[in-house]
Amino acid sequence: MNLLLRLAVVGTLTVLALVALPALPASAHITVVADHAEQGGFAVLTVRVPNESPKAATTQVRLLLPEETPLAVVRVKPHPGWKARLTRLREAVTSVTWTADSGTGIGPDEFEEFQLSAGPLPATDELVLAATQTYDDGTTVRWDERSADGTTTLDHPAPVLFLSPPSASESPGAQQGSHALGAHGVRRPSSQEISPGADPGPALWLGLAGLASGLLGLVVAVTTALSTRPSAPAVRQDT
């Protein structure tokens, strides 16, 4: 096997290994996702809270609801080991606070999910839901940053829920899925479409492009090796 053939084989194997690797998540952050979030309708929102501290536990999570587009109805799903408190202003819920019972919380390398049903959802393209995360060492992290261009990397992005237009169907269940804002201010699929924190789109296309390039190199190398291999001398037969 000549040098070109060896390089092509190594390159192809490397590309295959990269394609097989799952996309790594970005930095941990609070997100809000919903499978069906339609303007004017109701939706079950899932608040996903990863713990970022290597030592402290998360003991309180507060989700702020927009006062400029208030939600008239908010119902919290009971969560074992946590108590939920709703704050109201002029009959509208402005925040939901989950507080861990004594001795419980979200420990290092753990995450938790809280759910609430809310609506009617406003006639806007997105719903900004800032949050605060409190640890048992007294540290408080505010998730309230917004990206002006939608692509800038942020340290503490505010959870954003994107709302789809009202469905033309009369069936309440015929609604389109919504998306959550990722760690770097980019839209990402809902919880039913992708695992937490993963963003396989760019990695997948780059991997496929690299695979095609590696296979092409292998074909060229094999063809070159075969064309340059000296032919065996003819065997003379005496009569």
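Student: How many bridges join β4 to strand β7?
Tutor: This is a predicted model, where local features need pLDDT of at least 70, side-chain atom pairs count only at pLDDT 80 or more, and totals for chains, interfaces and linings use all residues. Residues are numbered from 1 along each chain as its sequence is written, and side-chain values use heavy atoms, leaving out hydrogens and water. Strands are DSSP runs of E, at least two residues, numbered from the N terminus, and two strands pair if DSSP finds at least two bridges between them. β7 covers residues 111-119 and runs antiparallel to β4; the bridges joining them number 4.

Student: Which residue in β7 stands opposite valine 76?
Tutor: Valine 76 faces a residue of β7. That residue is leucine 116.

Student: Why is one side of β1 and of β4 left without a neighbour in the sheet?
Tutor: The open sheet has 4 strands, in the order β1-β2-β7-β4, with antiparallel pairing. β1 (31-33) and β4 (73-76) stand at its edges, so each has a single partner strand.

Student: What does the twist average from one strand to the next there?
Tutor: Axes are lines fitted to C-alpha atoms, and angles run from 0 to 180 degrees between N-to-C directions. In the β1-β2-β7-β4 sheet, the twist from strand to strand averages 25°.

Student: Which are the edge strands of the sheet with 5 strands?
Tutor: This open sheet is antiparallel, ordered β5-β6-β3-β9-β10. Its edge strands pair on one side only: β5 (82-89) and β10 (140-143).

Student: What is the bridge partner of valine 61 in β6?
Tutor: β3 (residues 58-64) and β6 (residues 92-100) pair in the antiparallel sense over 5 bridges. The partner of valine 61 is tryptophan 98.
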